Amino acid sequence: NLEVIRVFRETEFEMISIILILPTGHKMLVIGAYHPSRFSYDETDFLNRIVEVGDDFLDINPNGLVLFGGDINHLNVSQLSTMSGMLPLVDFPTRGQAILDNCFTNRPELFNKAYPLHIQMKTDHLGVIIPAGIKLKPLRTKISFRDYRAQNKVKFQKKLAEKSWSEGTSMETVEEATKVLENTIHNMIDQCFPKKTVTLSTRDMDVSTLKILNKKKIKG
């Protein structure tokens with residue numbers, strides 16, 4: 001499933017950008033735009049805005065995927081590629097003998113060859129299908145947590161009850177006594193509730209889902 005993080009509509013240009021989280025956990029920026037054959041703005045401003053949106057996304061997500069596309073008519077494709085570093089994916093005419101509709105990406109290796117599609121609606125443009133190519137590997141991250149099982153809580157309570165706290169009361173200042181108390185409790189926590197580290201994939205179920213499934217198994 002795709003998760004939409006942000007949607008932004010431009011006011012100066014006919015352009016919309018959407019940031020998604022893919023099922024693998026990777027982030028993807030999709031930019032859709034219409035660049036008419038006749039326009040009142042400076043084309044360089046339009047190109048700069050596309051580059052700016054893509055760069056802002058990649059600054060935060062260096063490994064992110066950017067896909068820009070739309071009916072761009074006779075936009076300077078070479079200049080767009082030079083400025084953005086994105087490569088075009090469409091190499092066939094989409095209206096007559098001209099490539100008026102195109103898609104660009106910073107990760108062309110993730111897509112297979114594009115092919116045309118005859119659209120069943122009133123239009124003189126061909127549709128474009130760009131199949132996915134290489135699958136992105138799920139993101140794997142390490143998380144740490146403490147073991148708060150019941151037996152460890154009992155162990156912690158026992159240590160608290162058996163501990164002599166006279167060391168803290170013999171300190172000369174409140175700050176020293178507080179420091180001793182904090183260190184003592186932290187050491188007990190480390191002993192009774194050891195940290196465990198596991199590696200999770202973005203395809204793994206979250207902890208809450210696992211708890212629900214475990215409860216269902218117990219009830220069943």
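**Exercise 1.** In which hand of crossing does α3 pass α5? Work out how these helices pack.

*Solution.* Welcome to a predicted model, where local features need pLDDT of at least 70, side-chain atom pairs count only at pLDDT 80 or more, and totals for chains, interfaces and linings use all residues. Residues are numbered from 1 along each chain as its sequence is written, and side-chain values use heavy atoms, without hydrogens and water.

Step 1: find the helices (DSSP runs of H or I, at least four residues; strands are runs of E, at least two, and numbering starts at the N terminus). α3 covers residues 150-162 and α5 covers 174-192.

Step 2: take the angle (0 to 180 degrees between N-to-C directions of lines fitted to C-alpha atoms, for helices over the stretch in contact). Here the angle is about 150°, and the axes are 9 Å apart. α3 is therefore roughly antiparallel to α5 (over 145 degrees).

Step 3: α3 passes α5 in a right-handed crossing (the near helix is turned clockwise from the far one by less than a right angle).

**Exercise 2.** Describe the order of strands in the sheet.

*Solution.* Step 1: the sheet is open, with six strands ordered β1-β2-β3-β4-β6-β5 and mixed pairing. Strands pair if DSSP finds at least two bridges between them.

Step 2: look at the edges. β1 (3-9) and β5 (87-88) each have a single partner strand, so one side of each lacks a neighbour in the sheet.

Step 3: follow one pair. β4 (65-71) and β6 (101-105) are antiparallel over five bridges, and Asp-71 has Asp-101 in β6 as its bridge partner.

Notes:
Angles under 35 degrees count as roughly parallel, over 145 as roughly antiparallel, 65 to 115 as roughly perpendicular and the rest as oblique.
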